[in-house]
Amino acid sequence: MTTLRHILAIAKNTFRETIRDRVLYAILVFSLVFLGFTLIISSISLGTDLHIMRSLGLAGMYIFSIIITVFLGTSLIYKEIEKRTLYFILAKPISRGEVVIGKFIGLLASVSVCVLGMFLVYLGMIAYKGGGFDVIALLSGLYTLLDLSVLIALSILFSTFATPLASAMYAVVIIYVGHSLDIIMQAVRTSGPFARAVADVMYYLLPNLEKFDIRNLVVYGMHPSLASIASVIAYAAVYCALLLYIATLSFRSREL
Amino acid sequence: MKHSARPSQAETIFAAGIIVAGCILVIFLQIIANRVQPQLPPEPLVLFPVPVIHAVDVGMDSAAASLVWLNLIQQIGQFAGTYQGFVSDLDAITTLDPQFAYPYAFAALMGPALDPAHEKEAIAIGEKGVARRIPDWEIPFYVGATYNVLKDRDNAQRYFAIAAAMPDIPPSVRIGALSYGSGDSKRETTRQIWESIYATTKDDLTREEAKEYLKHLDILDTLEVAVAAYRTDTGQLPDSIDTLVNKKYLPAYPEDPFNVDFAIQPNGQVIATVHSTK
């Protein structure tokens, strides 16, 4: 119970701190401007306006969600170490693991609020254009949050040992590779055994972010099966737990 | 320690005035620069090959296809229908996002008009959409309409039958698709096809194309009525359309949207011919 109280206290504080960040609101405003832009641009799409709004809207929300996540997550712990505010927290009987998990939950809550805001605007626009209530887009939102939870855990891990700029670069590389693993596997199919072995290791160890991508399905009103949804949730949960555990170890090994 | 004083109202107004004047000067210089810069002819945007787009779009294939589609629409508008990359762009769109239905139909119907050099490839894109069983009646219907224009009745009938079997086809269009080839008048069949397209399309370019075809058919009908009236009065067919104009059976030589000439057949029917420079 005490552990849970500590984690929730840190989470609440992290949420308050991140949700007040002015740069976050600037990114959110840009994302809403982008969504409005898709509404305008869809009017010149020769009758495919709903398709354009769905495909560009979902893609835009994903890109802005990543920007928010990487921007907030990569400086989370590093900032506290630099400002020395972490010492006050660790002086109390709060473990580094509790700090890491609390930061994760707090940041996930902030990012969820941002994603929810963007989705509400997106759903409003689709309904305005006569697309009705896009229920399946809500599933895409859930998958986006699972994707972002892995990225948050990754960003927190990086922020335990790297500067915000370096952490952001690592995160961007992982995001790109995470979406390209299927392409890499296809590309090495005709290569030698060593290349295939390296690709296999990368494929199974690196976060396969394509698992969380159902945007292409949502555009056509299709949805994954219950078994698929359950496996993706389990994958995200286990991967986040592993990353947070490694982040805790990294944080513990750091001399403050 | 000296504290910095808050600016006075006069200073604030002066600063605002400087900023406004600066913005006006920037806008003015931009207008001047646009006028004096040489106007280069617009160049079409060259797209990366599909495998490159697929590799860098981090899984957002549908969004990438949408952007290529929007770019294509802009290029058609900018290059007044002579855009050379029409078919290759549509091929890229349908490869990146195979479920994006409308580009298949658009390629089949508008391809021969907008990119005559790649007419076969454009129709092949439409046929690809039918082969992939994309659930959109417009794809086989537009392929059938194009084959009808090319006077390939067998293929036209085949694709109209496929369109007629699709669940989302409007009832009035379905009747026309089912009855293709069963009536005597090919022109009436063709008119029904274009009327269906005109009534159902949400796309201005396609509606414009349908309107032009219907106008062309109206002109043929009007000419045949004038030929029939001339034959009734004189007992023989006119030599040419110019005779009908000279004898006041027509107010003027009709301006066809496809810039074709007209010839009168021995049975009184009027057909379109290649435009000759007079």
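## Note on salt bridges, interface and cores

1. B:Arg207 is partly exposed, with 26% relative accessible area. This is a predicted model, so read each value below as computed from that model. The partner of B:Arg207 is B:Asp204: the two form a salt bridge, with 3.0 Å between the closest N and O atoms. B:Asp204 counts as exposed, at 55% relative accessibility. Both residues belong to helix H11 of chain B. They sit 3 residues apart, about one turn of the helix.

2. How many salt bridges are there over all chains? The count comes to 9. As background, side chains of opposite charge can pair when their charged atoms come close.

3. Take B:Asp91 and B:Lys128 next. Their side chains meet in a salt bridge, 2.9 Å from N to O. B:Asp91 is in helix H4 (residues 86-96) of chain B, and B:Lys128 is in helix H6 (residues 119-131) of chain B. The pair therefore ties together parts that are 37 residues apart in sequence. Are these two residues buried, partly exposed or exposed? B:Asp91 is partly exposed, at 34% relative accessible area. B:Lys128 is also partly exposed, at 21%. Buried means under 20%, so B:Lys128 does not qualify as buried.

4. B:Asp221 and B:Arg187 form another salt bridge. Their closest N and O atoms are 3.0 Å apart. This pair links distant parts of the chain, 34 residues apart. B:Asp221 lies in helix H11 (residues 204-234) of chain B, and B:Arg187 lies in helix H10 (residues 186-200) of chain B. B:Asp221 is partly exposed, with a relative accessible area of 26%. B:Arg187 is buried, because its relative accessible area is 15% and the limit for buried is under 20%.

5. Now the contact between the chains. Chain A gives 23 residues to it and chain B gives 24. The size of an interface is often given as the accessible area lost when the parts come together. Here the buried area between chain A and chain B is about 1,900 Å². Carbon and sulfur atoms give 69% of that area.

6. What does the rule find across the interface of chain A and chain B, in salt bridges and in polar contacts? It finds 0 salt bridges. It finds 7 residue pairs in polar contact. On the side of chain A that touches chain B, helix H3 (49-73), helix H8 (164-187) and helix H10 (215-218) of chain A each supply at least two residues. H3(A) provides the largest share of that side, 7 residues. By class, the side of chain A that touches chain B has 12 nonpolar, 8 polar and 3 charged residues.

7. Last, the cores. In soluble globular proteins, nonpolar side chains tend to be buried together. The largest nonpolar core in this model has 129 residues. Those with the most contacts inside it are B:Trp69, B:Phe86, B:Leu90, B:Phe106, B:Phe141 and B:Ile197. Helix H7 (residues 135-159) of chain A gives the largest share of this core, 14 residues.

8. What does B:Phe106 contact, leaving aside its neighbours within four places in sequence? The partners include A:Leu46, from chain A, and B:Trp69, B:Ile76, B:Phe86, B:Leu90 and B:Leu114, from chain B. B:Asp203, B:Leu205 and B:Thr206 are also among them.

Conventions
Residues numbered from 1 in each chain as written. Chains lettered and ligands numbered in written order. Predicted model: local features only at pLDDT ≥ 70, side-chain atom pairs only at ≥ 80, totals over all residues. Heavy atoms only, no water. Salt bridge = Lys/Arg side-chain N within 4 Å of Asp/Glu carboxyl O. Helix = DSSP H or I, 4+ residues; strand = E, 2+ residues; numbered from the N terminus. Buried < 20%, exposed > 50% of the residue type's maximum accessible area, 1.4 Å probe, protein only. Contact = heavy atoms within 4.5 Å. Buried area = accessible area lost by both parts, 1.4 Å probe. Polar contact = N/O pair within 3.5 Å; in protein donor to acceptor, adjacent residues only side chain to side chain. Nonpolar A, V, L, I, M, F, W, Y, C, P; charged D, E, K, R; others polar. Core = buried A, V, L, I, M, F, W, Y, C linked by side-chain atoms within 4.5 Å.
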